[in-house]
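Let's walk through this model together, starting with its open space and moving on to its aromatic rings.

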Amino acid sequence: AQLYEYSDIYSPYQYRLTDQEKNIISMLIASKMFSPYCVFMDSYFKSDGDRFSQIDVIAVSKHGVFVIEAKDYNCWITGDSDHKYWRASYYGGQKESLYNPIYQNRKHTSLISKLISDQRVPVYSMIVFGDGATLKDVHGVPRHTYVVQNSTIIDALRDLANSPATLSEESVKNICKIIYHSRIIPDNA
């Protein structure tokens with residue numbers, strides 16, 4: 001079978017990565033906090049019925065599973081975790097709504113939690129905006145959720161890495177196997 005590679009990560013998927021996703025993956029691998037074997041990118045999973053969910057990046061370490069939603073905006077971002085839509089305000093004065101990325105990633109973290117089916121495994125939601133975005137006014141970020149920029153993702157991960165490990169190496173390997181074997185290649189993706 002054909003294997004595709006990006007940044008020492010191999011997969012049977014032909015990736016459709018954005019520049020923002022490439023930046024995140026490169027930072028994760030360079031940080032040495034994640035083995036390339038434990039980073040999954042542009043992954044599809046079966047969800048309700050014939051539907052599927054696409055997750056930008058999943059990274060597994062002894063501290064838990066990180067489900068990462070990449071956002072590539074060059075504007076000011078304002079939002080509240082309880083509101084369905086956030087606001088993107090561009091520097092020329094144009095404004096647009098974007099679906100709350102915390103809601104979006106909550107579906108992804110729930111899917112991964114169900115796949116793993118072990119309540120002891122912490123699953124973290126990370127929404128990562130590019131450095132062209134300014135997180136002006138983001139409120140109510142829930143526990144186990146991070147809304148950060150490229151320049152601060154490693155700081156957020158290091159804070160967690162300084163806490164005691166919650167997973168054994170064997171658990172990390174098992175979680176990676178579950179994720180690897182649960183991915184699908186949807187017909188219409």
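## A pocket and some rings

The largest pocket holds about 250 Å³ of space. This is a predicted model, where local features need pLDDT of at least 70 and side-chain atom pairs pLDDT 80 or more, while totals for chains, interfaces and linings use all residues. Residues are numbered from 1 along each chain as its sequence is written, and side-chain values use heavy atoms, without hydrogens and water.

Who lines this pocket? Lys46, Ser47, Asp48, Arg51, Phe52, Ser53, Lys107, Ser110, Leu111 and Lys114 do. Two elements give two or more residues each: strand S4 (52-61) and helix H2 (101-116). H2 supplies the largest share, 4 residues. Sorted by class, the lining has 5 charged, 3 polar and 2 nonpolar residues.

Now for the rings. There are 8 aromatic pairs in the structure (rings of Phe, Tyr and Trp, the last by its six-membered ring, with centres within 6.5 Å; planes under 30 degrees apart are stacked, over 60 edge-to-face, the rest tilted). Take Tyr73 and Phe129: their ring centres are 6.2 Å apart and their planes meet at 50°, so this pair is tilted. Tyr73 sits in the loop between strands S5 (64-71) and S6 (76-80) and Phe129 in strand S9 (residues 123-129), so the pair ties together parts 56 residues apart in sequence.

Elsewhere, Phe34, Phe66, Tyr124 and Tyr146 form one aromatic cluster.

Key. 1 Å grid on protein atoms, 1.4 Å probe; cavity = no way out; pocket = protein on both sides within 12 Å on 5 of 7 lines; lining within 4 Å. Points joined across faces, edges and corners; volume = space filled by probe spheres on them. Nonpolar A, V, L, I, M, F, W, Y, C, P; charged D, E, K, R; others polar.
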